[in-house]
Amino acid sequence: MKEILEELERRRGIAKLGGGQQRIDAQHQRGKLTARERIDLFLDEGSFEEFDMFVEHRSSDFGMEKNRIAGDGVVTGWGTVNGRTVFVFAKDFTVFGGSLSEAHAEKIMKVQDMALKNRAPIIGIYDAGGARIQEGVAALGGYAEVFQRNVLASGVIPQISVIMGPCAGGDVYSPAMTDFIFMVRDTSYMFVTGPDVVKTVTNETVTAEELGGASVHTTRSSIADGAYDNDVEALLQVRRLIDLLPQSNTSPLPEIECYQSVTDVDSSLDTLVPANANKPYDIKELILKTVDEGDFFEIQASFAKNIVCGFGRVEGSTVGFVANQPMVLAGVLDSDASRKAARFVRFCDCFNIPIVTFVDVPGFLPGTAQEYGGLIKHGAKLLFAYAEATVPKLTVITRKAFGGAYDVMASKHLRGDLNYAWPTAQIAVMGAKGAVEIIFRKDIADPEKIAAHTKMYEDRFLSPFVAAERGYVDEVIMPHSTRRRLARGLKMLRNKNLTNPWKKHDNIPL
Ligand code: HXC
């Protein structure tokens with residue numbers, strides 16, 4: 001018996017070494033952890049239960065029959081994050097560069113199926129060279145099986161991808177269909193085709209970092225939702241995100257003890273909006289003063305900074321925040337901001353996370369660049385996302401809510417549940433200058449008349465009261481009471497029950 005047990009330990013020891021000590025050392029020299037080190041760090045200590053440690057590929061082409069390594073380049077299983085079950089797979093770069101074979105794909109499919117069946121989040125950690133070249137179509141088929149499962153799980157369980165090394169070819173599309181992608185600066189990159197192929201096809205010379213590094217994907221392409229300095233930081237931040245998310249679309253939101261009273265008055269909010277309506281202020285200050293203990297997990301912080309999206313808690317329960325940011329482009333809605341926020345709103349709606357929207361928006365961004373770039377379609381995405389969302393929707397207009405952007409930003413007309421405005425709110429078709437120049441064009445040469453018209457317009461329209469008179473704003477609230485009002489509203493809306501008409505699925509403008 002002793003020998004049998006020792007044999008198991010010996011085989012386990014070999015499997016755990018993956019591609020061998022030399023390749024593990026090379027991984028460390030590049031500032032990267034190994035697949036197992038990543039999983040151990042990510043999960044609660046000692047909670048990892050591994051599957052399929054002894055799986056090997058079945059290929060015999062190109063001398064592969066003599067080249068089999070237990071585990072076949074991916075470590076899979078389940079464990080817990082702060083006590084809650086998650087499924088995980090991590091590509092092992094030390095084994096055939098983490099490339100995907102038929103057997104490797106089957107290991108991933110097994111945890112995908114288990115995660116979906118057991119309604120728990122799945123996290124994929126990437127460090128890999130794409131399809132196993134020696135396996136040809138068997139590898140391509142394996143990818144498609146993984147993709148299919150990504151799609152079936154979308155909106156049912158949270159799916160998160162963490163890119164911690166190369167991620168090329170077939171490896172990019174599974175992350176692309178998950179809910180969030182996080183990258184590690186300087187050691188990770190994602191692209192469909194690498195620099196060599198780019199050079200051959202387009203004659204462009206570009207480095208891997210320039211083509212698909214974390215800075216490209218967090219600031220330009222918006223493929224990634226965040227980037228961190230190293231593996232450890234990235235994995236700890238993903239744990240933080242998981243703590244905020246429900247296990248599935250039918251699970252309750254996670255609740256934690258809230259140590260910060262919601263009745264404390266923060267009078268600094270009464271002076272957050274500057275007297276001059278053209279002066280910016282930082283909307284994140286309002287978010288940080290609304291969430292419990294100032295703890296806010298921002299999504300896509302470096303992309304389309306004119307809108308802020310992220311998760312926080314109010315009285316211990318998760319809330320999604322969307323806020324126009326007056327500090328960047330005056331908080332205007334453009335194509336990028338619309339797409340960013342639309343995807344976030346849809347994620348919240350999938351997983352029953354209430355949405356709080358802070359509005360200070362001068363409108364949609366005019367210009368040929370925006371129109372040619374499809375502003376109508378991208379703006380419609382956000383409009384569509386808010387309109388279809390059935391989760392509790394609470395809106396606070398802090399200052400400008402002009403034009404179509406007023407409608408889009410979770411207005412009463414899009415089934416907003418609680419629509420509040422600060423006394424500083426200005427709800428109108430447009431600002432005073434533009435409005436007066438159009439409706440009093442005949443007086444344009446007379447500065448005195450224009451000044452009088454402007455004053456009249458400002459007094460009548462640049463306030464929350466015209467909207468409040470119609471019930472489009474439920475209440476004009478004191479800025480210092482925002483956290484209390486939202487906390488009470490969120491509590492009142494906990495049993496909200498609203499469903500859209502049955503359909504196979506909608507046809508959101510993509
Ligand atoms: C088999 C692979 C491999 C692959 C890497 N390796 N990629 N083996 N299939 N796709 C092996 C290498 O042979 C090497 O083995 C080990 O992994 C480490 O690779 P290196 O090249 O030494 O490492 P590095 O210099 O860090 O470069 C990493 C890399 C590079 C950038 C990922 O290996 C690379 O470009 N690989 C090919 C990427 C690619 O084109 N993949 C196919 C994409 S097409 P030894 O034994 O020497 O250590 C695709 C189609 C799917 O994925 C489409 C579905 C939609």
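Biologist: What is the handedness of the crossing of α16 and α17?

Modeller: The crossing of α16 and α17 is right-handed. This is a predicted model.

Biologist: Why are α16 and α17 called oblique to each other?

Modeller: Look at the angle. Helix α16 (residues 432–439) and helix α17 (residues 447–461) cross at roughly 120 degrees. Roughly perpendicular ends at 115 degrees, and roughly antiparallel needs over 145. The pair therefore counts as oblique. The two axes come within 9 Å.

Biologist: Which residues make the contact of α16 with α17?

Modeller: Helix α16 supplies Ala432, Ala435 and Val436. From α17 come Ile450, His453, Thr454, Tyr457 and Glu458. C-beta atoms within 7 Å are the test.

Biologist: What is the contact of α16 with α17 by class?

Modeller: Five nonpolar residues, two polar and one charged. Tyr counts as nonpolar in this scheme.

Biologist: Turn to α3 and α10. What makes α3 oblique to α10?

Modeller: Helix α3 (residues 35–42) and helix α10 (residues 231–244) pack at about 40 degrees, with axes 9 Å apart. Roughly parallel means under 35 degrees, and roughly perpendicular starts at 65. That leaves α3 oblique to α10. Their crossing is right-handed.

Biologist: Which residues of α3 and α10 make the contact?

Modeller: On the α3 side, Arg38, Leu41 and Phe42. On the α10 side, Asp231, Val232, Leu235, Val238 and Arg239. By class, that contact has five nonpolar, no polar and three charged residues.

Biologist: Why are α11 and α19 oblique to each other?

Modeller: Helix α11 (residues 283–290) and helix α19 (residues 482–492) pack at about 55 degrees, and their axes are 9 Å apart. The roughly parallel class stops under 35 degrees, and the roughly perpendicular one begins at 65. Hence α11 and α19 are oblique to each other. This crossing, too, is right-handed.

Biologist: Which residues make the contact of α11 with α19?

Modeller: Leu286, Lys289 and Thr290 lie on α11, with Thr482, Arg483 and Leu486 on α19. By class, there are two nonpolar, two polar and two charged residues.

Biologist: Now the ligand. Which residues come nearest?

Modeller: There are 16 residues around the ligand, and the nearest are Gly97, Gly129, Gly130, Gly169 and Gly170. Being near takes a C-beta atom, placed from the backbone, within 6 Å.

Biologist: What is the shell around the ligand by class?

Modeller: Eight nonpolar, seven polar and one charged. Gly counts as polar here. Both α5 (137–153) and β5 (159–168) supply at least two residues of the shell.

Biologist: Which residues does UniProt list for "domain: CoA carboxyltransferase C-terminal"?

Modeller: The unreviewed entry lists residues 264–500. That span is 37% helix and 19% strand, and its end C-alpha atoms lie 37 Å apart.

Biologist: Which residues does "domain: CoA carboxyltransferase N-terminal" cover?

Modeller: According to the unreviewed UniProt entry, residues 1–257. Over those residues the chain is 40% helix and 18% strand. The end C-alpha atoms of that stretch are 49 Å apart.

Definitions and conventions:
Residues numbered from 1 in each chain as written. Predicted model: local features only at pLDDT ≥ 70, side-chain atom pairs only at ≥ 80, totals over all residues. UniProt positions renumbered as here; feature names shortened; annotations may be inferred. Helix = DSSP H or I, 4+ residues; strand = E, 2+ residues; numbered from the N terminus. Axes fitted to C-alpha atoms, helices over the stretch in contact; angles between N-to-C directions. Left-handed = near helix turned anticlockwise from the far one by under 90°. Contact = placed C-beta atoms within 7 Å.
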